[in-house]
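Dear colleague,

I am passing on the structure below, with notes on a few local features. Please look through it before reading on.

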Amino acid sequence: MPEIKEAVLCHHCGEECKDENLVFDQKNFCCLGCQTVYELLQENDLCGYYDLNDHAGVSLKSKDHQGKFGYLLNPEIEASILDFKSEGLHKVTLFVPSVHCSSCVWLLENFNKIQAGVLYSRLNFVKKELSLTYDPRKVNLKEIVGLLATVGYEPLISLQNTVRPDKVKTKKDNRLLRQIAVTGFCTGNIMLLSFPEYFKLDLQNDVDAQYQQFFLYLNVLLALPVYFYGAADYLKGAWVSLKEVWKKNTDSLSVDIPIALGVTALFVRSTYETLWNDGGAYWDSMAGLVFFLLVGKWVQKKTFDYLSFERNYKSYFPLAVEVQENDGTYSYKNVDDLKSGDYIRIHNNELIPADAILMDGKAFIDYSFVTGESEAESIHKGELIYAGGRQKGQNIVLKVSKEVSKSYLTQLWNQQNFKEEKEVAKTKLANNFSKYFTYITIGISVLTAIYWYFVNPSLVWPAFTAVLMVACPCALTLSMPFTMGAVMEIFGKNKFYVKNQEVIQKITEVKDIVFDKTGTLTKGSSYSQMTFEGSNLSDEEGIMIKSVAEQSTHPISKLIVKYFENVRAENVSNFSETEGAGIQANFKDKIVQIGHADFLGIAKNEQHQDARTYISIDGKYKGFFKSTPVFRDGFDSLIHGLKSFYQLHVLSGDKSTDKAILANHIQENQLHFEQKPEDKLRFIKTLQKQEHSVLMIGDGLNDAGALRQSDLGIAISENTQIFTPASDAILDAGEFGRLKTFFDFSKTAVNVVKLSFLLSLVYNFICISWAVTGTLSPVVAAIFMPLSSISVVLFAVILTYYKAYRAHLLKS
């Protein structure tokens, strides 16, 4: 039995040392980058980094940062990133997506020990934001960012860094917290001052009786901010809803109406009892109800703050680019300042920020993120390259033909549906509940008043207000946010991040699912597999082909090199490359050609429509390489599970070479290829006109319009921290196969809320039965109303977690 060798793992990042095994200080490293980081930490006595977590570092294979951050030496560009600037002090906040564990926190918060001149370093782990304070006389921003990249924590710096946070949104969030603080303070004190009423204390002497009277009046004062400030949004929402119904703009009543009725009834009844009846009031019930409602609202608004669901082209574009000066030298310039006629230099794997004409160099442009086309396109000198493409290969020089704001890519954001904030429509569940609950509550209270008017007029007012007080829609206003908040947390642990709670409810109403292909159903073009068809290649022929392909930077050549990863390359001579056609070189005494059929002189009748790369050695045709996409893990089972419940469609910007493969899973008439972004947008609108609720799943900028237009949009991302188009949810690509599990659990969550509705109705039945008698005391209300709210919430949350455990979304 052959001996199985134990894998040698890198001491820094934990990856297997396959290509090289460097040994330093009796420790193994997979690359020079990882060894350098270890040496750096050792020199600064920071090797405790490895004690917190094994292999805590990030792999630094193929990381070349030389010259990458030169633009940060430009004072104008630097100033656009800084939070604060003075002669001896600069402050900056950097987004560091590779942060993942306690070792990262420990190292980055000790960054001042590694880099001289850094005065302060603090990491917000949740948002992955590193706040730095440094002395610009001792160190510059370029050196700081360069060192962060060297140790594996390269900050993500894009044009979006120059856009300041939305202050309006921040103010709204702060206002809610202030409402909770004020209401919580008042609620606690009202309950404290209500103790004599709770215990029915017999206050015989005049002094104690005066104190009790004083406490009642003090409760009135404490209740005023609760009603007019804490409950203000509910009162305003109810008024707006009533006006819209009166104007016949809608027939749906807001859930704010029954809440406003209940709170107002409690306030008015309590005011009457205190000021005119000198009796016990319901101030504690009113304050407690508003406090619970505000907490539920806060839970509902709470989301994954460290993820951005609203994106535009600035999130994707680089902050700066090299621009040619009058003397022929290059210097960095802010992308926003580019003008038509500027000459710019683009490096390998850099993004083209504006529509431009190729002036020099060999361009192989990957448009997969913009158009969906998976094959890199060869561009000739003088041809136009569109913004959003990514150069694969050597440096190229371009002449800007349009400013960034007028480029092809930014046209997506000039459409009307991008200018308006996308809102997820109210679900049928919320609409129906608030509508019927309001009518039934008002109906019961009116009938109760009518009954007591004829039987005992003195009970008309107590009974009428009591029904409105106890009939609160706590099932929807409390169980819904707490249940959906729990679901959001469960989904987040499984790398499915939804924008808000309405998204979970809306998932249950989806009828049509539209998939992008490249990057969504399949892995990116870099994951494509090469297959060879033709005569059997000898070992020497494999060496020949790899040796020639290795000389080219074309993406297809790189895939061929990868195909022969276990073959040793050798030197070649007389290498030449014909743009858009193929490559040729001498290997010893043989001529090796790799390229299109025409380049090799293959007859027209033997050519095929699908993309093939042909091989010829010494004029003899050997066969061809064909690139086949790699579908995401779980693709087969996912599609099989979904097509029984949903109508599935595929919209791809790619050519139809994979149509036959996809037709085995999805109806052929639902497969649409060579779709431009505007075609995808039009297709979604057509489905919506047929009153279909549409879910779009995509990954690139070419999907941005469709994701925005659809009823729900889910963005697939290999790295949820880097870039995803604007969407309602973000799904980690590794969890793609579990999409149906998330859909099914969304339905389960809605059913849990419905069960909590039933439990709430039981409470409401008991309370209303008591209230219609006109004998509901403040003490009973103070006990029963919070008890019903808390028990409904606990029931919903506990059942949600139990169901999640059963669905294998939570570990035991």
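In which loop does Asp-618 lie? The loop is the one between strand 22 (612-617) and strand 23 (620-628). Please keep in mind that this is a predicted model.

Backbone

Asp-618 is not a glycine, yet its phi is positive, at about 55°. Most residues other than glycine have a negative phi.

Glu-691 sits in the loop that runs between helix 24 (677-689) and strand 26 (694-698). Its relative accessibility is 75%, and Glu-691 therefore counts as exposed, for which the cut-off is over 50%.

Helix 22 and helix 26

Two packed helices are described by the angle between their axes and the distance between the axes. For helix 22 (residues 635-642) and helix 26, the axes cross at roughly 35° and come within 9 Å. On the side of helix 22, the contact is made by Leu-638, Gly-641 and Leu-642; helix 26 contributes Leu-739, Lys-740 and Phe-743. By type, the residues of this contact are four nonpolar, one polar and one charged.

Helix 26 spans residues 739-771 and also holds Thr-741. Leaving aside residues up to four places away in sequence, Thr-741 touches Ala-807 and Leu-809. Thr-741 and Leu-809 are 68 residues apart along the chain, while their C-alpha atoms are separated by 8.7 Å. Is Thr-741 buried, exposed or partly exposed? With 28% relative accessibility, Thr-741 counts as partly exposed, because buried would require a value under 20% and exposed one over 50%.

Surface patch

There is a nonpolar surface patch of about 850 Å². The residues that make this patch are Ile-442, Val-446, Leu-447, Ile-450, Tyr-451, Tyr-453, Phe-454 and Val-455. One of them, Tyr-451, is placed in helix 14 (residues 428-455). Tyr-451 has a relative accessible area of 48% and so is partly exposed.

Regards

How values were computed. Residues numbered from 1 in each chain as written. Predicted model: local features only at pLDDT ≥ 70, side-chain atom pairs only at ≥ 80, totals over all residues. Heavy atoms only, no water. Helix = DSSP H or I, 4+ residues; strand = E, 2+ residues; numbered from the N terminus. Buried < 20%, exposed > 50% of the residue type's maximum accessible area, 1.4 Å probe, protein only. Contact = heavy atoms within 4.5 Å. Patch = residues over 30% accessible without salt bridge, like charges linked within 9 Å, V, L, I, M, F, W, Y side chains within 5 Å. Areas by Shrake-Rupley, 256 points an atom, 1.4 Å probe, with all protein chains shown as cover. Salt bridge = Lys/Arg side-chain N within 4 Å of Asp/Glu carboxyl O. Axes fitted to C-alpha atoms, helices over the stretch in contact; angles between N-to-C directions. Nonpolar A, V, L, I, M, F, W, Y, C, P; charged D, E, K, R; others polar.
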